[in-house]
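We will walk through it one stop at a time.

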Amino acid sequence: MTLKTEHFALNLGPVHPSTHGVFRLIATLDGEVIVDIEPVVGYLHRGIEKLAEGRTYKENIPFTDRLDYLAAMSNNLVYAMAVEKLAEIPVPERAEYLRVIMAELQRIASHLVGIGAFIQDLGAFGTPILYMWREREKILDLFDMVCGQRLHYNYMRFGGVSHDIPDEFLPALAKFVDRMPGFIDEYDQLLSENEIVLVRSKGVGILPKDLAINASTSGPVLRASGVKWDIRRADPYSIYNRFEFDIPICTGGDSYDRYWIRMKEMRQSIRIIKQAMEQLPKGKVLNKAPLRLRPPAGEVYTRIESPRGELGFYLVSDNSERPYRFHIRAPALINLTALRQMLIGWKLADAIIVFGSIDIVLGEVDR
Amino acid sequence: MTVAISGEDLAVKLEAQFPASIVKSSPDSLTVKSEFLLQVAWHLKATPELGFDYLTSITAVDYGNYFELVYHLMSLEHNHILVLKTHCYGRDEPVAPSLVSLWQGADFQEREVYDLMGIRFDGHPNMKRLLLWDGFQGHPLRKDYSNDT
């Protein structure tokens with residue numbers, strides 16, 4: 001005799017430790033098995049796109065910090081690049097190198113949080129994430145040295161960066177890049193072949209390659225599904241074409257691969273930082289841009305490979321001091337598009353892991 | 001390096017296939033009539049030498065007498081991009097065809113445009129607000145929306 005079961009709806013969140021912020025998932029369950037889910041976002045919506053239309057271009061830089069607050073440098077960078085393209089402001093060599101160093105440090109810091117939170121979602125509550133926090137702290141100290149801030153940097157300017165690095169920065173950075181590979185080895189030993197990690201994440205929440213492309217996913221999520229696509233290589237911006245680095249890909253598209261790809265990417269970021277330190281030229285770090293900047297009328301779309309994927313800014317200028325339209329292409333939101341297909345058929349406990357493996361930041365999802 | 005496909009060159013080819021579908025073309029972008037949007041988008045995706053398999057971004061701009069929808073399309077295989085645009089008229093309930101049937105990536109982005117700009121997408125499987133709550137009045141990214149309410 002088969003048991004007759006009845007579907008029921010369960011609300012996860014908006015306030016729930018596994019949702020990494022305020023995010024709600026309405027799950028329809030058959031026992032423990034997910035039949036349907038509906039993500040509900042917007043709890044952190046601050047209307048940044050609208051607010052930005054009322055402020056000058058320069059006043060909007062701090063807003064970009066508050067989008068993806070785990071990768072504020074990347075958000076600063078792409079916005080500055082967009083305005084520079086619109087207003088044709090050149091950037092000094094030294095500033096380009098500093099931007100790359102900051103963006104890659106930011107990638108490591110963001111991936112550390114992504115991996116730490118993912119392992120926490122697996123049930124290893126508390127301890128492993130502190131290993132990642134320990135190294136992230138070193139990166140935040142480095143950022144603190146250059147701009148006095150640990151989270152919201154406001155470091156990029158149109159035409160360069162706000163400050164040159166202090167004398168103690170490069171020795172501290174050298175120490176960090178020397179030690180970091182050893183720490184990544186340590187995570188590897190602790191986690192990558194850990195039986196619990198493997199059993200709970202291998203083969204769980206598979207995102208097939210064609211769906212990954214069709215659903216416009218980007219960044220580590222896309223590459224874990226076997227698509228070799230990284231904007232730093234495919235459409236090089238800043239000075240990325242001067243560095244040697246590999247683009248790691250995985251082919252499984254499961255939660256483990258999304259974890260594993262971040263581990264590999266951190267090693268590549270260290271490679272880039274080392275090369276940038278060797279090549280770092282002397283000189284000024286900021287070209288003066290007009291205080292009351294009025295870019296010529298027109299529109300621009302600029303994109304970078306942020307830790308979460310393709311982060312783009314679409315700006316429309318009407319030759320006034322304020323942007324006519326300020327749109328953010330948010331990878332964290334768009335990476336959630338395929339979540340429903342990834343979760344259907346899995347158990348509720350797996351949903352937490354799959355969701356964690358996508359590594360979203362609600363500040364960017366909701367904007 | 002990603003190549004930007006010229007809207008002007010493409011317009012010549014499209015005009016042969018879909019007569020009277022082009023509103024405007026420039027080296028940077030291609031604007032089509034909204035009733036042709038779905039057909040043109042399908043053509044861009046299905047033609048092997050164009051191969052636009054990836055919908056990067058959808059957004060909308062309020063120009064007062066019309067709304068401009070801006071689609072950034074990309075081909076991962078050929079590494080080229082195209083900015084496709086269409087115009088929607090009327091402020092009560094402008095409508096545009098949904099592209100979810102071609103690219104699932106349009107799902108949340110079209111809902112966002114509907115939510116903040118008030119353009120309804122015909123054929124979208126779940127056309128409702130994304131970021132704001134269901135009872136919210138108005139569409140904040142429109143230029144005539146007042147913050148004072």
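Start by selecting strand β2 (residues 24–30) of chain A together with β3(A): seven bridges join them in the antiparallel sense. Strands here are DSSP runs of E with at least two residues, helices are runs of H or I with at least four, and both are numbered from the N terminus. Two strands count as paired if DSSP finds at least two bridges between them. For one example, pick Thr28(A), whose bridge partner in β3(A) is Asp36(A).

Before moving on, a word on the ground rules. This is a predicted model, in which local features need pLDDT of at least 70 and side-chain atom pairs count only at pLDDT 80 or more, while totals for chains, interfaces and linings use all residues. Residues are numbered from 1 along each chain as its sequence is written, and chains are lettered from A and ligands numbered from 1 in the order in which they are written.

Now widen the selection to the whole sheet, an open one of three strands in the order β1-β2-β3 (chain A), with antiparallel pairing. At its edges are β1 (8–12) and β3 (33–40) of chain A, each pairing on one side only. From one strand to the next, the twist averages 25°; axes are lines fitted to C-alpha atoms, for helices over the stretch in contact, and angles run from 0 to 180 degrees between N-to-C directions.

Next, go to another open sheet of chain A, where three strands lie in the order β6-β7-β8 and pair antiparallel. Which strands stand at the edges here? They are β6 (298–306) and β8 of chain A; each has a single partner strand, so one side of each is left without a neighbour in the sheet. Neighbouring strands of this sheet are turned by 10° against each other on average, direction ignored. Select β6(A) and strand β7 (residues 309–317) of chain A to see nine bridges joining the antiparallel pair.

Is Phe326(A) buried or exposed? It counts as buried because it has 25 C-beta neighbours inside 10 Å; the cut-offs are 20 or more other C-beta atoms within 10 Å for buried, 12 or fewer for exposed, and partly exposed in between, with C-beta atoms placed from the backbone. Leaving out residues up to four places away in sequence, Phe326(A) touches Glu49(A), Ala52(A), Glu53(A), Asn60(A) and Leu315(A). Contact means that the C-beta atoms, placed from the backbone, lie within 7 Å.

Switch to chain B and select helix α2 (residues 37–46), whose buried residues are Leu37(B), Val40(B), Ala41(B) and Leu44(B). Look down the axis of α2(B): these residues fall within an arc of 100°, so they line one face of the helix. The arc is that of the directions from the helix axis to the C-beta atoms. Their cover includes α1 (7–17), β3 (30–32), β5 (67–75), β6 (80–88) and β7 (95–97) of chain B.

Finish where the chains meet, with 24 residues from chain B and 29 residues from chain A in the contact. On the side of chain B that touches chain A, β4(B) gives the largest share, six residues.

Conventions
Contact = placed C-beta atoms within 7 Å.
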